[in-house]
Protein chains: 2
Amino acid sequence: MIAAMIVIGELINGTRKRIKRAIAERGEAYIASRAQKQAEAGADFIDCNPGTIGEDEIKDIRWLVTTVQEVTDLPVSFDTPNTSALEAAFEVYTNEAAPMINSITAEQERLDGMLDFTVASRANVVALALSDAGMPASADDRVQTAVELVDTLTGAGVAGGSIFVDPVIAPLGTDPKTACAVLEAIATIKAERPDVHVTCGLSNISFGLPERGLLNRVFVAQAIAAGLDSAIVDPLDREMMATIYAAEALAGRDEWCMNYITASREGKLSTQN
Amino acid sequence: MIAAMIVIGELINGTRKRIKRAIAERGEAYIASRAQKQAEAGADFIDCNPGTIGEDEIKDIRWLVTTVQEVTDLPVSFDTPNTSALEAAFEVYTNEAAPMINSITAEQERLDGMLDFTVASRANVVALALSDAGMPASADDRVQTAVELVDTLTGAGVAGGSIFVDPVIAPLGTDPKTACAVLEAIATIKAERPDVHVTCGLSNISFGLPERGLLNRVFVAQAIAAGLDSAIVDPLDREMMATIYAAEALAGRDEWCMNYITASREGKLSTQN
């Protein structure tokens, strides 16, 4: 999309039943159409998560990346912590724009296993605020882990602008303070390390609660006001994308609301399709 | 509504064509039904704005308040800066809960004219962050005017909890920084004077832009995260009220999301009526 928000399209994920089947059957047309539709709807990256392990994962991500880049010039996000699968993805990746590694964490073993590869790849990278201490609880936990991880990455040679911090969202239903903690963490991380992007796997916030789409939209609106400038979402969710356009305009990131007004003229803001 | 949010129902406003006619024709049934519907939908105050001036305003607000309190025990908000009309409203007001004066400002003439009356009335009061310097531009303008006005009111004997600061919203289309300035002002006012409520006449934000409901909803979500705990809205707008329920839950003001879950069970969160 035209707006400043960097949208990582999450649809091609092997934990979704229809995608899982398409991967297993090498259903090229279906995967290609999911990539194309997300690109048309405003995705900036096409995430590819094979949802498999071991040798299968390596073959599957290679096939997914090959299939996706046949229909779009958008950069691809390689959604796996497995460096062998990452290597396979890079081998077949030919698009010009730098891809995304999704994701690295501050867990020592994962960090040790991925850091050199990440630096050498010159790719973008999602940096999850997750350490060996487990799920972060407070805003401070998130900020401390994130800032240390960012400093480790930039110290090793990754550009700040290539890092997409994910502050880690726990379900609101299990921790009523999680949304506040994440919003505070987003604002503090952007204040302390203004070069980096902040992204979010959003939908976890509403896990186990009714009307999940409503909660996800309201939360993305709040997170954008706090400084979120990227999100891992389904770009085919029209209400979510409309919310992002409106939130960008309100955040003053859309000069004279021109993107918002254009999106309205193109019929993207009304939920009647 | 059960949630912490204090909703001032804005529907009975003489600038609306249908209401204007009902006031002119003394259409009691219509006004009564508008009051009742807003109460059922979760209003905490029923605003009454005759939309007339002079002697008419005095007669009209007297009639509106009489009509409204016949069908609801909710407190009424007297929406006029005219002290004669306010006096007339208080004369006929018999509900137990303290009403709202909507609104006082820091404009010297208006403040001088209304302060003693406001203190003596022991009513709640909307305190607009508007001074003789005109429309506030920055967050600081709003905070300074609001805090001075709050201190004048509390110094004269108004309880902090009876004051509803309105940070004054300019249309986003004429000032792209207005939403950010208002959000910052809300957070600072709540930090500096934690006793007072912060409310908002929301819909001004979207004036002149398309899909106004979308912008209004996204903005209320952001404002609630910043500390807004009251809003002047149409409680019959189901999408707006659903957004408020979700934003309250995300703000951690709805323990274990019980209000949110109850609202969902009652069918209030789905937009299919």
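1. A salt bridge is taken here as a side-chain nitrogen of Lys or Arg within 4 Å of a carboxyl oxygen of Asp or Glu, and by that rule the count between chain A and chain B is zero. Across the interface of domain 1 and domain 2 of chain A, the rule likewise finds zero salt bridges.

2. This is a predicted model, in which local features need pLDDT of at least 70 and side-chain atom pairs count only at pLDDT 80 or more, while totals for chains, interfaces and linings use all residues. Residues are numbered from 1 along each chain as its sequence is written, chains are lettered from A and ligands numbered from 1 in the order in which they are written, and side-chain values use heavy atoms, with hydrogens and water left out.

3. On the relation of the copies, chain A is superposed on chain B by a rotation of 180° with 0.0 Å of shift along its axis, at RMSD 0.0 Å (least squares on the C-alpha atoms of residues with pLDDT of at least 70 in both). That is the relation of a two-fold axis. Of the residues of chain A, A:Gln222 comes closest to the rotation axis, with its C-alpha at 2.3 Å.

4. Between the chains, 35 residues of chain A are in contact with 35 residues of chain B (heavy atoms within 4.5 Å). About 2,900 Å² is buried between chain A and chain B, 72% of it on carbon and sulfur atoms; buried area is the accessible area (1.4 Å probe) that two parts lose on being put together, summed over both. Six residue pairs, both members at pLDDT 80 or more, are in polar contact between chain A and chain B (a pair of N or O atoms within 3.5 Å; within protein, one must be able to donate a hydrogen and the other to accept it, and residues adjacent in sequence count only if both atoms are side-chain atoms).

5. The elements that give two or more residues to the side of chain A that touches chain B are α7 (178-192), α8 (212-226), α9 (238-250) and α10 (258-265) of chain A, where helices are DSSP runs (H or I, at least four residues), as strands are (E, at least two), numbered from the N terminus. α8(A) gives the most, with seven residues.

6. Within chain A, the domain assignment, which is automatic or from a database, gives domain 1 (1-97) and domain 2 (100-236). Their centres, taken over C-alpha atoms, are separated by 21 Å, and the contact takes 25 residues from domain 1 and 24 residues from domain 2.
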